[in-house]
Structures are given as structure tokens and as C-alpha cells.
Amino acid sequence: MILEYENIVIGSCLRAVLFAFNNNYPIFFSKPHRPFRFSFLAPNIDLGCVKLTRPTPAKLTTIDDIKVVGLQKELLWERLLFLLNLDGKVPLANLCASMRFDGEHLICSNEYSKIATLNFRNCFYFGDDNCLKLIKQKELANPTYTCYDWVAFNRGGKHKIDYIWVGGDFVKEIWFYSSDRVCGNSPVKDACVVSTLTQDQLADFDYSETMARFKMISEMEKRGMRGRQNGYSTSGNPKHYKFRTTPISRTKSRDSVAPCTENDQVSVPKVTENDLLKALPQACAAYDRFLKYL
């Protein structure tokens, strides 16, 4: 299959999807890069133009205060890709596993064979791990990653806290959410621990999933969080069970982007996410025929 376009977008992050939506460009990627589950927009951003509304901003309970957040970035990412798909602007969807530039064409393949050949005049590149020879990137000596450690609570998961800010790089944020291991809106919460680690630290046991769990529990106890009460001591003070946790998984996404060398066909847009969000209402006019049914 040969596809010919004037302009294309390579990438699947929120910036790439916003850029493709605002400019009505087709978008290609080898792997969907969903925004982090607990990445939120500012509460004052109105997304009524894409029929995403919330009566009141969400409120998250922290140790000392209430944190007000807007809609999840993941919801906006899904809605924009859905509208682009309806408009035929995601021709390969999730069928493509790799892309390779041969000097004239971009060859798209799945796990077994070639599925499409792209001819284009201009390419806007936002990054793709499996896109080869399209643009030259310098290798970083020690790149940084945002690391997500997902932790299950087997004891001590019933509490009202949604978020803890710790600071630093290792275990800098702790997000608590209703456990996905239990059907329905369970009062038992699991956690996601967010860290910023270098390539070398990822291979160091001091920054492993085990140490992340230990530090998470330590930070919770520092802030007065305790497990279920377990009677009283001889001096009359209440005793509590210790937290008991189990690791679920560790995922990571690369933060530091290697410098890219642009060429006549490929450019790397410097536009920010906030600028793209400001242009979103005007861009929605091109999708009115779909939005009126949502």
C-alpha cells in the first residue's frame, strides 16, 4: 500500500496528537505513548470544544491540603486520537510496529512484513523509538527516565490520602488510587511511586522496586499514616499493623531527548503543550461533523 501526503506527523505523545489535530495532519507511530495515568491538565482549562467537561474540578486529598486538578491528559489524548481516526488521519492506527526511511520513502512494517510505503514532502517529528534513519540523533551519555513503580497494598490500603509530594528524584511523588485488582470502586488503595532516574541508577539495587517500596512506606509513616489498629500496648497507646505491600510492575519513559539534526524534509516542532491547547478551540471547527454527535 502506497500512501502520499503533503505533511505528516511522527509520534504519539500528547504534543504530537495535539499538533496533528490542530493542523489536520495525518499521524503515524509505532507504539502509542499514552500520558501518565495521573497527569492532569490545569483546572482552568476548558475542553468543552471537544465535548470533555467536568461539572466541578476534581479534588485530591493530600496530607495537609486539598489538591485541585483538571481533566486527565489521557482523556484528551484518547478523544483527539478518536476524532483523528474518524477523519481518516490515523491510517495505520496501531498496526505499525516499526518505520524505516530509505532516503526517499518511509517504510512501515508490522512484526512480519511491510504494510505501507509513505511518500511525503514535510515531516514533523516528535519522537518514536522504532523510527529508523529518518533523523539523526546524538546519543546521550546518561539519559534520564521517569520511572513508575506500581505497588499493591495487602494490608493498610484503606485510607483517604490520594497524593503525597516527597521531592527529590527517587520517590518524589506517591499517587494512591482505588485498586484495579478488586472489581468496582474499592476502598482498598494501591499506589504508584514516581521517580526520576538515570540509566545507571536503573541498574542499581539502591534504586530498585524493592527500595522504592521501602522508601514509600517510610515516607507514609513519617506523615503519620498507619495500618489498621491492633489493640493497645501495656502503656495504653494504640498499636497498628505494619503496611504490607507487593510489587506489581515497574514501567519507565525516557525524559531526556537527544538533540536532533533537522533536514529539508524533517523538522522538530518547538511548540509547547500550552500553546497547542490554546489553539484547540479554533481547530475543532474542522471536526464539527463528528463533535455534534458526542
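Of the 294 residues in the protein, 44% are buried (under 20% relative accessible area; exposed is over 50% and partly exposed lies in between, with a 1.4 Å probe and protein chains only). The model is predicted: local features need pLDDT of at least 70, side-chain atom pairs count only at pLDDT 80 or more, and totals for chains, interfaces and linings use all residues. Residues are numbered from 1 along each chain as its sequence is written, and side-chain values use heavy atoms, with hydrogens and water left out.

**Overall make-up**

- The protein contains 7 helices and 18 strands, which are DSSP runs numbered from the N terminus (helices H or I, at least four residues; strands E, at least two).
- Along the principal axes, the C-alpha atoms fill a box of roughly 80 × 45 × 35 Å.
- The accessible surface is about 16,300 Å², and carbon and sulfur atoms contribute 49% of that area (Shrake-Rupley method with a 1.4 Å probe; for residues, only the protein chains shown count as cover).
- Among contacts (heavy atoms within 4.5 Å) with a separation of 6 or more, 70% link residues 24 or more positions apart.

- An open sheet is formed by 5 strands in the order β11-β12-β13-β10-β16, with antiparallel pairing; two strands pair if DSSP finds at least two bridges between them.
- The edges are β11 (163-165) and β16 (244-254); each has a single partner strand, so one side of each lacks a neighbour in the sheet.
- From one strand to the next, the twist averages 20° (axes are lines fitted to C-alpha atoms, for helices over the stretch in contact, and angles run from 0 to 180 degrees between N-to-C directions).
- Within this sheet, β10 (residues 144-155) and β13 (residues 189-198) are antiparallel partners over 8 bridges, and W150 has C192 in β13 as its bridge partner.
- Helix α4 (residues 209-222) lies across β10, β11, β12 (173-178), β13 and β16, and runs at about 115° to β16.

**Pairings of strand β7**

- Strands of a sheet pair through backbone hydrogen bonds, in either a parallel or an antiparallel sense.
- Strand β7 (residues 114-125) pairs with β1 (residues 2-10) in the parallel sense over 8 bridges; I2 stands opposite T117 of β7.
- With β6 (residues 106-109), β7 pairs in the antiparallel sense over 4 bridges, and I107 stands opposite T117 in β7.
- A hairpin of 4 residues joins β6 to β7.
- Strand β18 (residues 266-267) runs parallel to β7 and is joined to it by 2 bridges; C123 stands opposite V266 in β18.

**S179 in a loop**

- S179 is located in the loop between β12 and β13 and is buried, at 2% relative accessibility.
- The S179 side chain reaches the backbone nitrogen of R181 at 3.1 Å.
- Apart from neighbours within four places in sequence, S179 is in contact with V188, K189 and D190.

**Cysteines**

- A search of the whole structure finds 0 disulfides, a disulfide being a pair of cysteine sulfur atoms within 2.5 Å.
- C49 is in no disulfide, and its nearest cysteine sulfur, that of C284, is 3.7 Å away.
- C49 is partly exposed, with a relative accessible area of 21%, whereas C284 is buried at 3%.

Conventions:
Polar contact = N/O pair within 3.5 Å; in protein donor to acceptor, adjacent residues only side chain to side chain.
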